[in-house]
Amino acid sequence: MPEYPSYVTKELLFDTVIKKGDTGAKARRVQEWLSIHSFATVIDSIFGDATEKCVKDFQQTKGIQVTGNVNQQTWDALVGPLSKALQPINLSANTSLAGAILLVAKQHLAQRPIEVGGDNSGPWVRVYVGGNQGPEWRWCAGFVTFVMKQACMLLDCPMPIPGSYSCDSLAYQAKQAGLFIKGAQIVNGNIPWPTLGAAQIFLVRKTSTDWVHTGFSFEGSGQVFSTIEGNTNDDGSNNGYEVCKRTRSTLGKDFIHF
């Protein structure tokens, strides 16, 4: 596995059995992952009877010895989706950066990253925004930046832009790097979709200097394109709760190509 920052590896780390009576961050992480796996209980950082029951039910479902204690095997099963999202991908020698980014984005999408334990909170959010979480940490740009970094690690190449947790900063960086494309250039046909490669970053434009949401675009044709985007939902909210695949209109969007 590539060498990830400590705030990422911290989410996967297991160093002791977690059991009934435990409190604090370790108990909370167990509750978060139980809820992500649909064994939901209150996320209050207190490993009580309800948490123990959920652990037992999870262990039963996964074919793990039912003890109610979270040992290494149980922990690995709980954090399995994140581990899978971070796994290296076997890339062909001619894989482009855009192609690698799309593959990594699809790998994350397959694990269904989702918020848990509050607005813009939970292990997936912390991974995407440098260990932070909370209402102010909208994470669509963090998702884009993390996936770009993961793809660049796989290809051992530099980032096309530095990346940011801010949509506006992504747009500014792209303009500085000569990678920014106004959506109107695609709408009027001056820039055909095939010239943009396997994937791009899309930006939802509020004004000419303000962008409010971002994600990856691909399979563009005419006035529509497919997306993989974080901090959204089926309604296309710019402060949703999951990573999902959507279809969007080109109108009101700008793009960053790789």
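Reply: Let's begin with Ser 45, which is buried because its relative accessible area is 18%, under the 20% cut-off. Bear in mind that this is a predicted model. The backbone is worth a glance too: phi of Ser 45 is near 70°, a positive value in a residue that isn't glycine. Ser 45 sits in the loop between α2 and α3.

That loop also holds His 37, with α2 covering 25-36 and α3 covering 49-62. His 37 counts as buried, with a relative accessibility of 18%. What is His 37 in contact with, leaving aside its neighbours within four places in sequence? The partners are Phe 58, Ala 77, Leu 78 and Pro 81.

Pro 81 takes us to the largest pocket, where Ile 36, Pro 81, Gln 111, Arg 112 and Pro 113 lie nearest the centre. The lining has 16 residues, and the pocket volume is about 330 Å³. By class, that lining splits into eight nonpolar, three polar and five charged residues.

Arg 112 deserves a stop of its own. Arg 112 belongs to the loop between α6 (97-110) and α7 (123-128). Its phi is near 55°, again positive in a residue other than glycine. Arg 112 is exposed, because its relative accessible area of 66% is over the 50% cut-off.

Now for the secondary structure around the pocket. α5 (80-86) and β5 (242-249) each give at least two residues to the lining, and β5 has the largest share, with four.

So where does β5 sit in the sheet? The sheet is open and has six strands in the order β1-β6-β2-β3-β4-β5, with antiparallel pairing. β5 and β1 (180-181) are the edge strands, each with a single partner, so one side of each has no neighbour in the sheet. For β5, antiparallel pairing with β4 (224-232) runs over seven bridges. Within that region, Phe 225 stands opposite Arg 248 of β5.

Helices also pack on this sheet. α8 (140-155) lies across β2 (200-207), β3 (210-221), β4 and β5, and runs at about 50° to β3. α9 (167-177) touches β1, β2, β3 and β6 (253-256), with its direction at about 65° to that of β3.

Conventions: Residues numbered from 1 in each chain as written. Predicted model: local features only at pLDDT ≥ 70, side-chain atom pairs only at ≥ 80, totals over all residues. Heavy atoms only, no water. Buried < 20%, exposed > 50% of the residue type's maximum accessible area, 1.4 Å probe, protein only. Contact = heavy atoms within 4.5 Å. 1 Å grid on protein atoms, 1.4 Å probe; cavity = no way out; pocket = protein on both sides within 12 Å on 5 of 7 lines; lining within 4 Å. Points joined across faces, edges and corners; volume = space filled by probe spheres on them. Nonpolar A, V, L, I, M, F, W, Y, C, P; charged D, E, K, R; others polar. Pairing = 2+ DSSP bridges. Axes fitted to C-alpha atoms, helices over the stretch in contact; angles between N-to-C directions.
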